[in-house]
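Hi,

Here is the structure I promised to pass on. Have a look at it first, and my notes on what turned up follow below.

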Amino acid sequence: MRLFLSALEPSANIHAKEVVRELLALLESSPESTPDSKATLEIVGVFDPSLFAELSHRGAIKLAPHYHPRDFSIMGFSDVAVKLPFLWRAQRELAAIALEADVIVLMDSSSFHIRLSKRIRAMQPPNKRATIYYYILPQLWAWKSWRSKILERYCDRLLGILPFEAECYSKQARESGQLVYVGHPLLDELESSLLDSRANAKATPASPQSHTPCIVFMPGSRRGEIKRIFPTFYAVAKQLPNAKKLLVIPSTFAQDSSDMAHLQAIYESDPSTKGALQDFTLCFETRSALMQADFAFICSGTATLEAALLGTPFVLGYKTAWLDYYIARCFVHLRYIGLANIFYNALCGEKPGCGSSTIHQELVQGSMSVENLLRAYHQAHAQDFIDSAYKLRAYLQHGSARNVARILLGAIV
């Protein structure tokens with residue numbers, strides 16, 4: 001089985017790994033599989049092969065990436081213009097590779113993947129048409145809702161991870177099964193026992209005299225984010241001298257963790273952050289850090305939802321270039337940018353991203369000050385976060401990896 005996978009974001013690669021894990025298990029347990037003739041899964045396209053390395057011991061997987069996700073790292077509208085020639089060339093090459101696959105899976109990154117799905121369809125011969133699956137759909141509920149018609153036209157199956165996404169698509173797509181809710185990928189990776197253990201720990205807290213608070217700082221996964229956000233986070237850290245402070249280094253930089261000069265170039269480029277890394281314990285596992293944390297300061301992204309599902313108190317602090325912020329505000333009419341707050345609106349019966357119910361504070365642009373971040377830390381209530389985490393888990397129902405793997409396998413058997 002040849003699988004064309006296009007996963008441009010770090011989080012998409014993590015979710016893709018869980019699908020591949022389930023897909024290998026299904027292939028190995030199929031009636032046709034024998035010790036002498038195991039079905040081999042070949043993966044081509046765009047993905048991080050290092051994340052799939054732990055699965056290669058089964059001997060039934062072949063990894064042949066054409067590009068690495070870091071090749072597509074883009075921050076802000078201005079960066080897109082610089083990379084346009086590369087993006088056009090990559091789409092041509094990837095479409096040609098996809099034509100040779102049995103199954104095509106596009107994940108997230110809608111600006112790139114909607115165009116890629118069109119190109120693949122235009123190049124496919126009538127007698128050889130691989131099924132195109134779109135897993136982790138564009139956020140049509142936030143902006144560009146008209147793209148639903150394009151997705152329905154060029155993609156065979158739309159695999160949604162949000163219960164409220166269905167209302168963005170046509171009645172025909174919903175009733176025909178073209179669009180299906182498969183569950184949320186974070187519930188594959190965040191076992192309910194992790195939340196239960198946190199809840200139990202909070203039920204029997206350590207005495208204040210013996211407990212040293214653990215504070216996690218996550219200033220982003222891209223250099224531009226880190227450059228804008230880390231100086232403020234570091235100023236906050238210096239105001240918490242008696243806490244254990246963890247700095248989460250994203251997976252894209254983890255391979256360079258032994259080269260401190262490389263990390264210093266990323267985190268200490270601003271004069272206010274010189275020598276900052278020595279004041280933190282460096283951590284390369286987001287989940288491990290969040291499970292230890294009494295509180296977290298988190299840039300936007302999947303990590304905010306991960307913290308919410310683990311019941312970890314946190315505040316979202318985000319800052320981007322003012323031009324990018326202004327353009328986004330013109331097109332995206334949301335009150336919140338944190339996924340946990342957006343989901344919480346939906347489960348409370350409010351319009352996602354525009355309601356009044358919240359799980360955590362959001363401090364964006366000018367409001368992301370040292371004073372406001374510290375205030376959010378001191379006002380946080382751990383039990384409220386744990387209660388909200390249970391509500392979010394019930395709303396999302398279950399994980400998605402096994403369901404997606406079954407759907408993909410069904411396309412070729």
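The largest nonpolar core has 106 residues, and Phe72 and Tyr135 have the most contacts inside it. By nonpolar core I mean a set of buried Ala, Val, Leu, Ile, Met, Phe, Trp, Tyr and Cys residues joined through side-chain atoms within 4.5 Å. Buried is under 20% relative accessible area, exposed is over 50%, and partly exposed is in between (1.4 Å probe, protein chains only). Helix α1 (residues 10-29) gives the most to this core, namely seven residues. Helices (H or I, at least four residues) and strands (E, at least two) are DSSP runs, numbered from the N terminus.

Before you go further: this is a predicted model, where local features need pLDDT of at least 70 and side-chain atom pairs count only at pLDDT 80 or more, while totals for chains, interfaces and linings use all residues. Residues are numbered from 1 along each chain as its sequence is written, and side-chain values use heavy atoms, with hydrogens and water left out.

Back to Tyr135. Leaving out residues up to four places away in sequence, Tyr135 touches a list that includes Val19, Val105, Met107, Asp108, Ile161, Pro185 and Val404; contact here means heavy atoms within 4.5 Å. There is also a second, separate core of 32 residues, with Ile229, Ile266, Cys299 and Ala376 among them.

Now the sheet. Seven strands form an open sheet with parallel pairing, in the order β3-β2-β1-β4-β5-β6-β7. Two strands count as paired if DSSP finds at least two bridges between them. β3 (61-67) and β7 (179-181) stand at the edges with a single partner strand each, so one side of each has no neighbour in the sheet. From one strand to the next, the twist averages 20° (axes are lines fitted to C-alpha atoms, for helices over the stretch in contact, and angles run from 0 to 180 degrees between N-to-C directions).

Strand β1 (residues 2-7) is mostly covered, with five of its six residues buried. Five bridges join β1 to β2 in parallel, and Phe4 has Val44 as its bridge partner in β2. On to β4 (residues 103-107): five bridges join β1 to this strand, again running parallel, and Leu3 stands opposite Val103. Strand β2 (residues 41-46) pairs with β3 in the parallel sense over six bridges, where Glu42 has Lys62 as its bridge partner.

Helix α5 (residues 147-154) is mostly covered too: six of its eight residues are buried. They are Arg147, Ser148, Ile150, Leu151, Glu152 and Tyr154, and they pack against α4 (110-123), β5 (131-135), β6 (157-160) and α6 (171-176).

Which residue sits in the loop between α7 (186-189) and α8 (192-203)? That one is Glu191. Glu191 is partly exposed, because its relative accessible area is 42%. Glu191 and Leu310 are 119 residues apart in sequence but 9.1 Å apart in space, C-alpha to C-alpha.

Finally, the whole chain. Its secondary structure comes to 18 helices and 13 strands, and 51% of its 413 residues count as buried. The radius of gyration is 22 Å, which agrees with the value near 22 Å for a compact globule of 413 residues (taken over C-alpha atoms; the globule rule is 2.2 Å times the number of residues to the power 0.38). The C-alpha trace spans about 70 × 45 × 45 Å along its principal axes.

Cheers
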